[in-house]
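Biologist: I'd like to go through this one with you and ask what sits behind the labels. Could you set each value against its cut-off as we go?

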Amino acid sequence: MQPRKTDLARDALQAHRAPLDMRQRRLLILCDGQRDLSQLTAVIGPEASAMVIQLIQAGYLMSSAPPEPMPAPAPVAPTAAGPAPASAAHATERRRSLVAARIYLLGILELQRHPQAAALLHTLQQARSDEQVVAALGSALDALPGLTSAGYCERVRQRLFEVLPETHLAQLEQAGAVAG
C-alpha cells in the first residue's frame with residue numbers, strides 16, 4: 001500500500017487549521033504515493049500503520065496500488081578484503097585535523113577561568129603556522145594539569161590525541177607533551 005494525500009489533506013497542510021498533531025502532519029507530508037508503508041514505518045516509527053489507517057478513515061489519505069515491481073539490480077561482487085582496512089584507516093585519518101584539535105583546545109582553554117589559561121588561549125589563537133600551532137598545543141597540554149584536575153586533563157589529552165593528525169602527534173611526542 002502506498003498512501004497518498006487527498007485534497008482535504010492538502011488543504012489541511014496549507015491552512016494549518018486541521019486538528020492534526022505534528023506526527024500526523026509529518027506523515028501526511030511523506031505520503032506522496034511513492035512511499036510504501038514499510039518506508040513510512042522506517043521514517044515515522046512502528047505506529048505509522050495505525051496512523052495511516054486513522055488518516056484514511058478521517059479522509060486525509062487514500063491508498064494506491066503499488067507500482068509494478070522493478071527488477072532487482074545485479075549484486076555488485078565484493079572486492080578483495082585487503083582494501084577495506086586501508087579505507088577504514090584512511091577514513092580515520094580524514095577525521096583527524098589540526099584545525100579540529102586547535103578548536104577543541106581553544107574551547108577547553110576558554111572554560112578555564114585562570115590568567116595562565118587566557119595567555120595560552122591567546123598564544124594558540126595567534127599561532128599561524130602548523131609548527132606554531134603544535135607548539136602552542138604542547139604548551140597548553142603541559143600547563144593543563146596545573147589548571148584542572150588530573151582526570152579532566154587526561155580526558156582532554158586523550159580526545160586531543162584522537163583528532164590530532166599522526167604527524168603532529170609525533171611532533172608533540174618529540175617535544176615531550178605526550179607523556180602524561
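Modeller: Let's start with Q2: a polar atom of its side chain lies 3.3 Å from the backbone oxygen of Q34. Before we dig in, this is a predicted model in which local features need pLDDT of at least 70 and side-chain atom pairs count only at pLDDT 80 or more, while totals for chains, interfaces and linings use all residues. Numbering runs from 1 along each chain as its sequence is written, and side-chain values use heavy atoms, leaving out hydrogens and water.

Biologist: What makes the pair of Q2 and Q34 a polar contact?

Modeller: The term needs a pair of N or O atoms within 3.5 Å; within protein, one must be able to donate a hydrogen and the other to accept it, and residues adjacent in sequence count only if both atoms are side-chain atoms.

Biologist: How do you know what counts as a strand or a helix?

Modeller: They're DSSP runs, numbered from the N terminus: helices are H or I over at least four residues, strands are E over at least two. By that rule the chain comes to ten helices and two strands, in the order β-α-α-α-α-β-α-α-α-α-α-α.

Biologist: Take R25 in helix α2. Why does an arginine get the label buried?

Modeller: Its relative accessible area is 12%, so R25 is buried. Leaving aside neighbours within four places in sequence, R25 is in contact (heavy atoms within 4.5 Å) with A12, L13, H16 and L20.

Biologist: What makes a group of residues a nonpolar core?

Modeller: It's a set of buried Ala, Val, Leu, Ile, Met, Phe, Trp, Tyr and Cys residues joined through side-chain atoms within 4.5 Å. The largest one here has 28 residues, and L105, L109, L124, L137 and L164 have the most contacts inside it. Helices α6, α7, α8, α9 and α10 each supply at least two residues, and α8 gives the most, with nine. L105, for one, is in contact with L124, L137, A140, V156 and L160, again beyond four places in sequence. Another core of 16 residues, among them L30, C31, A48 and Y60, lies apart from it.

Biologist: The buried residues of α4 (48–57) are A48, M51, V52 and L55. How do you know where they sit around the axis?

Modeller: They cover an arc of only 100 degrees, so they are on the same side of α4. The arc is taken from the directions from the helix axis to the C-beta atoms. An α-helix has 3.6 residues a turn, so residues three or four places apart point the same way.

Biologist: Finally, which stretches keep pLDDT under 50?

Modeller: pLDDT is the predictor's confidence in each residue, from 0 to 100. It stays under 50 over residues 66–72, with two contacts beyond four places in sequence, and over residues 79–84, with zero. Helix α5 (83–95) has the lowest mean, 53, and α7 the highest, 94. The chain mean is 80, and 78% of residues reach 70 or more. Where pLDDT is low, the predicted coordinates should not be read in detail.

Technical notes: Buried < 20%, exposed > 50% of the residue type's maximum accessible area, 1.4 Å probe, protein only.
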